[in-house]
Amino acid sequence: MGVGQVLTMPLFFASNAIYPTDIMPAWLKIVAHLNPLSYVVDALRTFMLSGTTSTFGLDHDYAVILLSTTVLVVTGARLYPRLAS
């Protein structure tokens, strides 16, 4: 559980979930744009709040989410046999 928190909390605070990227310092803006959670939050915010538009564009959000999910699943699948033995 501790490992999950060590990974999750920095990703959460370095995304656009709490405050918009427009008011972030330049270094944090770069981190937020590299963070896949920013794109998940952007897509969810677009669908859940009426009258809002996607900051990055829904196509871009979906592409980043698909790419990051694919990379993580492939990495996990390749590492799993080594960790299980």
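Helices here are DSSP runs of H or I with at least four residues, numbered from the N terminus. Y62 lies in one such run, helix 4. The model is predicted. The patch covers about 620 Å².

**The largest pocket**
- The lining is made by L11, P36, L37, V40, I65, S68, T69 and L72.
- Helix 3 spans residues 36-48 and helix 4 spans residues 58-84.
- Each of these two helices supplies at least two lining residues.
- Helix 4 gives the most to the lining, with four residues.
- By class, six lining residues are nonpolar and two are polar.
- No charged residue takes part in the lining.

**The nonpolar patch**
- Helix 3 gives the most to the patch, with four residues.
- Y62 brings helix 4 into the picture.
- Y62 has a relative accessible area of 42%, so this residue counts as partly exposed.
- Patch residues need over 30% relative accessible area, and Y62 has 42%.

- The place of P36 is in helix 3.
- P36 is partly exposed because its relative accessible area is 30%, and partly exposed runs between the buried limit of under 20% and the exposed limit of over 50%.
- The C-alpha atoms of P36 and L66 are separated by 9.7 Å.
- Along the chain, P36 and L66 are 30 residues apart.

- With 40% relative accessibility, H60 counts as partly exposed.
- H60 and A43 are 17 residues apart along the chain.
- The C-alpha atoms of H60 and A43 are separated by 9.5 Å.

**I30, an exposed residue in helix 2**
- Helix 2 runs over residues 26-34, and I30 lies in this helix.
- I30 has a relative accessible area of 55%, so I30 is exposed.
- The cut-off for exposed is over 50%.
- I30 and S15 are 15 residues apart along the chain.
- Their C-alpha atoms are separated by 10 Å.

Methods:
Residues numbered from 1 in each chain as written. Predicted model: local features only at pLDDT ≥ 70, side-chain atom pairs only at ≥ 80, totals over all residues. Heavy atoms only, no water. 1 Å grid on protein atoms, 1.4 Å probe; cavity = no way out; pocket = protein on both sides within 12 Å on 5 of 7 lines; lining within 4 Å. Nonpolar A, V, L, I, M, F, W, Y, C, P; charged D, E, K, R; others polar. Patch = residues over 30% accessible without salt bridge, like charges linked within 9 Å, V, L, I, M, F, W, Y side chains within 5 Å. Areas by Shrake-Rupley, 256 points an atom, 1.4 Å probe, with all protein chains shown as cover. Salt bridge = Lys/Arg side-chain N within 4 Å of Asp/Glu carboxyl O. Buried < 20%, exposed > 50% of the residue type's maximum accessible area, 1.4 Å probe, protein only.
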